[in-house]
Every structure is written in C-alpha cells, then in structure tokens.
Amino acid sequence: MQEDVVVVTLNYRLGAWGFLVLPEEDVWGNAGLKDQRLALKWVADNISSFNGNPDNVTLFGESAGAAAVHLHLCSQYDNKFFHKAIMQSGSANMEWAFQENPAYKTRRLAELCGFQQSCNDAKNLLKFLQSPSVTPDKILAKTVDTLTAEERRKALPFAFKPVIEDSQSPDCFISTPIMEKLKQHNFLLNVPIIMGYNSAEGCPMLVNVRKKMDLYEKDFARLVPRNLPLETEEDIQAMAQKMRDFYLKGEPICNENLDQVKNLLSDNHFIFELQNAAELMMRYQPEARLYFYRFDYVGGRNFYKTLLQMNKLEGACHGDELFYLFQMAADEMKYNSKDLKVTQQLCKLWTNFAYTGQPTHTDFENPLVCDWRHVKAAESLESSTFRLDYLDIDGSDGQMKCNPDQERMEFWREIYKIYEPKDYSKLSVNKQ
C-alpha cells in the first residue's frame with residue numbers, strides 16, 4: 001500500500017494454543033480471538049504515537065481473518081476498539097469457521113501425545129499438555145490426527161478453531177450461536193462494512209479433487225453441505241444427485257468440467273454463506289452501511305491461482321486479491337499496466353473507506369467511473385426479494401451490478417427454503 005495510512009499487522013495464537021477448550025480447568029477457548037482483541041486495545045492506546053488516529057481504526061482480514069473480523073463484530077465485549085470493518089472472502093457463518101466437538105479434540109490430542117490416565121481427569125490432562133515432554137513440534141505433528149473421519153471426508157483441514165463459549169466464561173468472547181446472533185436486531189448501528197469474495201474461491205479445494213477424482217466421483221455426497229438436515233442416506237444421495245445435475249449437468253467429474261466443480265466448491269465453502277451473511281445484515285441491521293464486491297480480475301499477480309496450477313480455469317482464486325493490495329516479501333512478480341490499475345483501484349477504495357467509511361467519497365479521489373453504492377436495506381424481514389448491489393472488480397474502470405452469481409445462489413436458496421439449515425457454530429458447543 002502506498003496511501004497515507006498506518007497499517008498494523010498482528011500475531012495471535014493458532015491451533016491448540018489459540019483454540020483448545022477445557023472448561024473444567026478454566027480453558028474456555030477463543031484465546032486467539034482474545035489475543036486479537038488485546039492487540040486492538042494496544043492500537044487504541046498507542047497508535048497516536050505513530051501518527052495514527054485511535055478514533056478511526058479499520059479492522060480487516062481475509063479468509064479466516066475475515067471470519068475473525070465478523071466474530072469481532074458479533075462479540076460480546078463493549079468497546080470494540082475499531083470503527084469500520086472489511087471482510088474479504090470469509091464470514092463467521094461458513095462451514096469451516098467453527099470447531100467441531102472441542103471436548104473430543106482436546107482429549108484426543110492428549111491421548112495422541114501420550115496421556116495415559118483417565119481422560120475424565122481434566123486437571124492432570126491439562127498438566128500433561130503443559131509439561132515439557134509435550135513439545136510444540138509434537139502438538140503440531142499430532143493436531144491433524146484429531147480430525148474426525150467426517151472432517152477428513154469433507155476436506156476440512158483445521159482442527160482447533162473458534163467456539164461458542166460457555167456463558168460461565170469470565171472473559172466470554174461470544175456465547176450466542178452465530179445464526180441467532182446475526183438475527184438480532186440493530187447490534188451494528190455505526191460500523192460501515194466492506195464485504196466480498198473472489199470469483200473462483202474454490203480453487204484451493206479443487207486441488208484435492210484433482211488428486212482424488214475417482215474418490216470424489218464415487219462419493220459425490222461428501223460435497224453435500226453439513227448444515228442440511230438430511231435424515232437418511234437416501235435423502236443425502238438424492239441431494240448429491242440434485243447438485244450433480246445442476247452443476248455438472250448430470251455428468252461425472254472429469255478434467256473437462258473442473259470449472260463447474262470449482263463453482264460448486266466456491267459456493268459451498270464461501271459464496272453462498274457470504275451472500276447469506278450480507279442478506280441477514282441488511283434485513284436485521286437496516287441502519288448498517290454495507291459495500292459489497294466481487295473480485296474477478298485475472299492478471300499477472302494472481303499468485304495463488306498460479307501456485308495451484310489453476311491458470312486454465314476461469315476466475316480469481318481465493319487470496320489472489322491480496323497481491324494487488326500488498327507487496328509481499330520476496331515478491332518479484334511484475335506489474336503490467338492493467339495490474340497496476342487494479343492495484344491503484346483497490347488501494348484507493350480501501351483507504352478511502354478507512355478514512356471516511358465510504359470507498360468513493362466526494363472529498364477523495366475516485367479511482368472508478370462510478371460511485372460504489374452501498375447495499376440497500378431489505379424492505380422488511382418478511383420480504384421475499386433481496387437485491388445485492390455490488391462492485392464488479394474486473395480490471396475495467398468499475399461498474400455496479402446486482403445479484404452476483406444469481407442462478408447458482410437461487411439454486412441454494414430454493415434448497416434452504418425446503419430444509420431449514422442447521423447452525424454450524426452449534427457444532428462447537430462442548431460435548432462431554
């Protein structure tokens with residue numbers, strides 16, 4: 001970034017160190033999120049010494065970072081230490097955002113590291129995990145083995161993640177299930193938000209599909225979302241066939257239809273739930289100001305798409321926009337004139353928003369030929385129609401459109417009208 005802003009990055013505990021849960025011994029979870037909160041407090045207390053403004057802080061993140069931003073917006077603490085938010089390719093209602101069965105994972109990690117006493121002995125279990133014999137390398141090596149068989153089947157690779165905390169936690173970050181929280185009225189009154197996604201978010205998940213194409217073809221049902229309350233194997237297989245018919249026109253997975261498989265993975269892992277979060281925001285937070293985007297530019301700096309060898313597929317990969325916002329360490333990728341134009345657009349829009357809460361503002365340079373309009377609030381909670389206005393970031397001079405990936409989103413909306421979705425965050429409620 002080459003704009004007149006102060007950029008602060010922060011570290012926080014990850015994996016078991018950041019998200020292990022053992023409430024019996026006052027390990028309530030979400031330590032990593034509380035690290036982030038402490039860093040935000042440090043910024044509020046100290047940023048003026050670096051020519052920053054503690055009363056004008058924008059919190060932003062990408063992927064899991066965006067889900068963390070969403071969790072801060074939904075958290076229980078009063079002073080949030082930030083005033084605007086940017087969520088790039090992530091939200092807290094996505095399938096991968098919350099930990100499943102944290103009590104099992106804690107005990108399983110201890111067993112894998114060599115704990116041989118009763119797993120009901122929480123005091124000794126914690127003492128063991130904190131002992132010198134349980135090295136960081138050992139915890140890292142054993143963490144993947146705490147994943148359940150279903151998590152492996154669904155290609156959900158991260159074991160220790162945020163949880164809905166027990167309300168008895170003395171420093172509770174969030175105790176309300178996320179979908180319930182998103183339907184609370186007017187808890188976001190004065191926090192402008194940018195939210196959006198990349199057009200080919202599913203590229204990283206497609207790596208596994210390409211490696212195990214036969215396995216995915218034989219078990220297409222592994223792609224059925226876990227929040228669909230399907231009670232029988234027959235129902236699950238019928239849903240899998242419905243998805244195959246819509247995305248693949250009933251055909252088997254093959255190299256010729258990987259673009260369509262990528263669309264399915266993009267929608268399941270990112271796009272539908274992000275659009276759902278936007279819709280809930282506009283229905284239950286009508287005073288909030290939300291700016292939505294879709295990043296669809298493919299140029300010389302789409303690093304992840306190139307790294308994953310997905311260049312023959314359409315769209316911008318998950319994470320690709322970061323290389324138009326930031327110059328990474330050891331980054332020797334060249335800018336052509338169009339790449340530079342997209343970089344200048346993104347940086348100017350993001351910093352305008354950080355200054356004013358509006359990405360295009362009359363007092364600041366507008367890198368587009370249009371104004372980036374905010375999403376209009378839904379007419380009512382009962383209204384069946386919702387219009388999602390968005391900025392299409394595709395390398396052009398900028399254009400506003402509405403209802404991105406509409407046909408695919410309508411497919412899922414119709415399914416969720418039939419099946420009331422389960423709340424992914426409830427999977428994190430501690431089971432003994």
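Strand β1 (residues 58-62) is mostly tucked away, with 4 of its 5 residues buried (buried means under 20% relative accessible area, using a 1.4 Å probe and protein chains only). Strands here are DSSP runs of E with at least two residues, helices are H or I runs of at least four, and both are numbered from the N terminus. Bear in mind that this is a predicted model: local features need pLDDT of at least 70, side-chain atom pairs count only at pLDDT 80 or more, and totals for chains, interfaces and linings use all residues. Numbering starts from 1 along each chain as its sequence is written, and side-chain values use heavy atoms, leaving out hydrogens and water.

**The sheet**
- 6 strands make up an open, mixed sheet, ordered β1-β2-β3-β4-β5-β6 (strands pair if DSSP finds at least two bridges between them).
- β1 and β6 (399-402) sit at the edges with a single partner strand each, so one side of each has no neighbour in the sheet.
- From one strand to the next, the twist averages 25 degrees.

**Strand pairs**
- β1 and strand β2 (residues 84-88) run parallel, joined by 5 bridges.
- Within that pair, F60 has I86 of β2 as its bridge partner.
- Strands β3 (residues 193-198) and β4 (residues 290-295) also run parallel, with 6 bridges joining them.
- Here N198 has F295 of β4 as its bridge partner.

**Helices**
- Helix α15 (residues 337-356) packs on the sheet and touches β1, β2, β3, β4 and β5 (389-393) (contact means heavy atoms within 4.5 Å).
- The direction of α15 makes about 150 degrees with that of β2 (axes are lines fitted to C-alpha atoms, for helices over the stretch in contact, and angles run from 0 to 180 degrees between N-to-C directions).

Methods. Buried means under 20% relative accessible area, exposed over 50%, partly exposed in between (1.4 Å probe, protein chains only).
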